[in-house]
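Here is a friendly walk through one protein model, meant for someone seeing it for the first time. Please keep the sequence and the picture side by side as you read.

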Amino acid sequence: MLTPFTLDDGRTILVNRGWVPAEGSTGVPDIDAAPTGDVTITGMLRAAEATHPTAPIHDQGFDMVHSINPTQVGELTGVDAGADMVEPYLQLLSDQPGTLTAIPLPQLETGNHLSYGLQWILFGVAAPGALLYFLFSESRERRRYVEEQKQLLNDDTVAGSGPEPSPVPGEETAPAPSAQTPTAAPTRSRQRYGSSRTNPWAKAYDKEQER
């Protein structure tokens, strides 16, 4: 319930007196009028809200607004907002004159929000770390595979560079292959993960060797 309150200096401040339960879900009950005369009240100053794009509603003899904006409420109540209505507005505390059902104070303790925030901080630190770890592992596996293939190639070269065996008397020796004799196809690179799973870098390495 929003009610204008005139100060000693002539200015007007908007007072939020609280709320009342509806009758039958939609009916407006009887609301006690604000006290008259000289009244001293205590409350909390609240920042004015922005004007809601939805226009106020007039129902059951009351104007209903969607946001607490002193300028808008001043126009509805006939107060010259530009000259007399001041901001911010005042929210009454409990046991104050004119209070209906006081709006409770906001909870200031952290509750479970602290642990929830720590979880997000931990996730924010762990996610980049995990990404760097996987990138490093993938690069290390690729280097290891290339080194293995080079080692296998060197072993095959050393094994095929030994002296040719001397011919045995009485045995025919096969003629040496001519330059036109086709050579055997190059041996495919060894797979490090068996036949069911292959190293992802094996195919790329084989393509480079075939060029």
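The UniProt record, an unreviewed entry, annotates residues 117–136 as a "transmembrane region"; positions from UniProt are given in the numbering used here, feature names are shortened, and annotations may be inferred rather than shown by experiment. In the model, this span is 100% helix and 0% strand, and its end C-alpha atoms lie 29 Å apart.

A word on the ground rules. This is a predicted model, in which local features need pLDDT of at least 70 and side-chain atom pairs count only at pLDDT 80 or more, while totals for chains, interfaces and linings use all residues. Residues are numbered from 1 along each chain as its sequence is written, and side-chain values use heavy atoms, with hydrogens and water left out.

The protein chain has three helices and six strands, arranged along the sequence as β-β-β-β-β-α-β-α-α. Helices (H or I, at least four residues) and strands (E, at least two) are DSSP runs, numbered from the N terminus. Of the 211 residues in the chain, 18% are buried; buried means under 20% relative accessible area, exposed over 50%, and partly exposed in between, with a 1.4 Å probe and protein chains only.

Strand 2 pairs with strand 6 in the parallel sense over four bridges, and asparagine 16 has glutamine 91 in strand 6 as its bridge partner. Strand 3 (residues 43–46) also pairs with strand 6 over four bridges, in the antiparallel sense; here the partner of glycine 43 is leucine 92. Two strands count as paired if DSSP finds at least two bridges between them.

Helix 1 (residues 70–77) has Pro70, Gln72, Val73 and Gly74 as its buried residues. Their cover includes strand 1 (2–6), strand 2 (12–16) and strand 6 (85–92). At the start of helix 1, a side-chain oxygen of asparagine 69 comes to within 3.1 Å of the backbone nitrogen of threonine 71. After helix 1 comes glycine 78, with a positive phi near 90°.

Threonine 99 sits in the loop between strand 6 and helix 2 (113–159). A polar atom of the threonine 99 side chain lies 3.1 Å from the backbone oxygen of leucine 93. Beyond its neighbours within four places in sequence, threonine 99 is in contact (heavy atoms within 4.5 Å) with Arg17, Leu92, Leu93 and Ser94.

How many salt bridges does a search of the whole structure find? It finds two, where a salt bridge is a side-chain nitrogen of Lys or Arg within 4 Å of a carboxyl oxygen of Asp or Glu.

| Salt bridge | N to O distance |
|---|---|
| Arginine 11 and aspartate 9 | 2.8 Å |
| Arginine 144 and glutamate 141 | 3.9 Å |

Side chains of opposite charge can pair when their charged atoms come close. Arginine 11 is partly exposed, with a relative accessible area of 41%, and aspartate 9 is partly exposed at 49%. Arginine 144 and glutamate 141 are three residues apart in helix 2, so about one helical turn separates them. Arginine 144 is partly exposed, with a relative accessible area of 37%, whereas glutamate 141 is buried at 15%.

Note on methods:
Polar contact = N/O pair within 3.5 Å; in protein donor to acceptor, adjacent residues only side chain to side chain.
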